Every structure is written in structure tokens, then in C-alpha cells.
Amino acid sequence: MSLTVVGTMAFDDIETPFGKSDKIVGGSASYIAWAASNFVQPINQVSVIGGDFPQEELTALVNRGVAMDGVQVKKDEKSFYWAGRYHLDMNSRDTLVTELNVLADFQPVIPPSYQGSEFLILGNLTPQVQMSVINQMNPRPKLIVMDTMNFWMDVALEDLLKTLKMVDVLMVNDSEARQLTGEFSIVKAAKKILTMGPKYLIIKKGEHGALLFHENHVFFAPALPLDEVFDPTGAGDTFAGGFVGHLAKTKDISFENMKTAIIVGSAMASFCVEKFGAQKLREITKEDISARLEQFVQLVNFDIDLV
Ligand code: AMP
């Protein structure tokens, strides 16, 4: 059983009300791989990096069971670079810089060793690349999960709408769901998105948790109330990695199991925000993850006598 992950491997510059990271390694595929590798290996990574990307980072991921055959290295070019600044509430941020660099003309090539992957997660990057990967995977994976963001709605909406028709699960945050549909109500937006291709939709609401929609069903997973949120960067990708990692581990793609998967995703995201970048994700053990899942169970567990 295996999971293919597509996304950026990047440099980020993050500024929060509490500090600055300087240039650190980030990118959607990095966070997804760090999170998902706790649940499933191998992970088949698909990305593109420049000659400036640190070898230690690649080695650390390989040691976590992440295959790099699908990661192109463009020695003379620079890696994708993103800079962002968080507002005081840490739920919203401004993108200060997006330099596509190696991503600008990236043509992914799926190596033969990746074929037969049962699960595919399209992390946030160019919809055209996401589509190209789906088209190259033969047989089609059992479940295709897609993440995206407002940036691609602004610059590549047509391709994004085409890609939506090819996937099973879409993940977006609440403002992106509104932007995609023009609906202010999250419930109305969800209904619209479920007519655009995906059969399942996850709407992330930052510190207010996440909602899972399917047909007429809806399920809510809270976010863990934390004393301190240090850096929310990558929380969405880490959530995605925990979600798809759990599904790939259990090989069960029922709505019931997706409920568990979004709790696992929320638990992983709660670690991510505790330190800058993916630092915390590198440090945690299986025991830490189990203990945190137990905290989620306690958070939502109550008895009631129905009248
Ligand atoms: P998140 O906080 O989950 O939205 O993810 C933040 C990560 O996404 C950062 O590590 C960035 O490198 C990466 N990122 C930012 N903008 C983009 C973009 N337009 N496409 C792909 N990845 C991006």
C-alpha cells in the first residue's frame, strides 16, 4: 500500500506577532510528508527543487520512508519561495511574496515505481501540475484528495475547475470556499462545491476546527485549544497529511472512517503550530500522537439524557 504526495518543497519566510523565522524549509509537500509518514510508508514524493535546497532535509525525509524518485532537481535554479505575515489573531495572514522559480515550468514525471499507488494527495500547487499527475497515474488511485488555495483561484481558475472534476475529496479553508462559489454561507458554499466534482469536501476553519461534507451529511472536528499558537504555517498541509495518512493506513474510504481521519488531521495540525516550520513534526513520537488523539476524544466526549 502506498501514498503519492504532490506539492511544493520550498523556502518560507514567516513573520508572526511573536517572532520571525528567517528562511526555513517549508512547502505543502514537505508538511504532508512529515505528517503522513507517521501512518504510512513508503511515501512517493512528487515535487521540484532548486540547487539551493538543503541535502540534510532530503536525507531526513528519506529516513522517514519518503521516496524522492519523483522529485526533480534543477541545479541552476532557485526553489519555490513564499513569505507571509500573520495578523494578531493568527487566523489570517498576508502573503508578502510568492516566487514560483522552479515551479514556473514544472512538468512532473511519475516514475514507474510510483504506479499502483492507492492514494494520491495533490498538495497545494499549480492545478495544471495536479492534473498532469492524475493523468499519468495508471491505474487511477482509489482515492484522490486535493488541496488548493486562493492564489490559484486568482491566477489559474479555469485549470482549477477542471482539476476539481477529477478528484474525490477537496480541502479548502472557509474564505477559499467563499471565493470559489461566491456564497457567504459555508453550508451553501459546500453544497455548490459538491456539484463541482468532489464527492467529499473538507472546509478548514483554523482554530475553529474543520467540517466534513458528503451528500447530506456533515461532521465537525474541533481544533485543540492550545495555550500558545506559535506559527500556523503548514497547519493545513499537516492536517491533509494526517487525514490521508490515516485513510491510507486503514485502507477504508468510508464516510465513517473519514470522520476519524479529520480528527487525526486535526491532531497532527495541533503539533505543527507549536513551533516554527515543521520543527515540531520532526520531534514527535507515536506515543505523543496517541496521547494527543486521546485529548481530542476527551474534548468532545459527553453524556446526555435526551428528553
Ligand atoms: P498552509 O499554511 O497549510 O497554507 O501552507 C503553507 C505552505 O504552503 C508554506 O510552506 C508555503 O511554502 C506553501 N505555499 C504558499 N503559497 C503556495 C502556493 N501558491 N502554492 C503552493 N504552495 C504554497
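The following legends describe close-up views of a predicted model.

View 1. An unreviewed UniProt entry carries the annotation "domain: Carbohydrate kinase PfkB", which covers residues 23-280. Over residues 23-280, 36% of the chain is helix and 25% is strand. The C-alpha atoms at the ends of this stretch are 17 Å apart.

**View 2. An open sheet of four strands.** The strands are arranged in the order E3-E2-E6-E7, and their pairing is mixed. Strand E3 (19-26) and strand E7 (93-99) stand at the edges; each has a single partner strand, so one side of each lacks a neighbour in the sheet. From one strand to the next, the twist averages 15 degrees. Strand E2 (residues 10-16) and E3 run antiparallel and are joined by six bridges. Within this pair, Phe11 stands opposite Val25 in E3. Strands of a sheet pair through backbone hydrogen bonds, either parallel or antiparallel.

**View 3. The hairpin of E12 and E13.** Strand E12 (residues 210-214) pairs with strand E13 (residues 217-221) in the antiparallel sense, over five bridges. Phe213 has Val218 in E13 as its bridge partner. Two residues lie between the strands of this hairpin, and Glu215 in the turn has a positive phi of about 50 degrees.

**View 4. A nonpolar patch on the surface.** The patch is formed by Phe302, Ile304 and Leu306, which together have about 410 Å² of accessible area. Ile304 is located in the segment after helix H11 (286-300). Ile304 counts as exposed because its relative accessibility is 59%, and exposed means over 50%.

Note on methods
Residues numbered from 1 in each chain as written. Predicted model: local features only at pLDDT ≥ 70, side-chain atom pairs only at ≥ 80, totals over all residues. Heavy atoms only, no water. Patch = residues over 30% accessible without salt bridge, like charges linked within 9 Å, V, L, I, M, F, W, Y side chains within 5 Å. Areas by Shrake-Rupley, 256 points an atom, 1.4 Å probe, with all protein chains shown as cover. Salt bridge = Lys/Arg side-chain N within 4 Å of Asp/Glu carboxyl O. Buried < 20%, exposed > 50% of the residue type's maximum accessible area, 1.4 Å probe, protein only. UniProt positions renumbered as here; feature names shortened; annotations may be inferred. Pairing = 2+ DSSP bridges. Axes fitted to C-alpha atoms, helices over the stretch in contact; angles between N-to-C directions.
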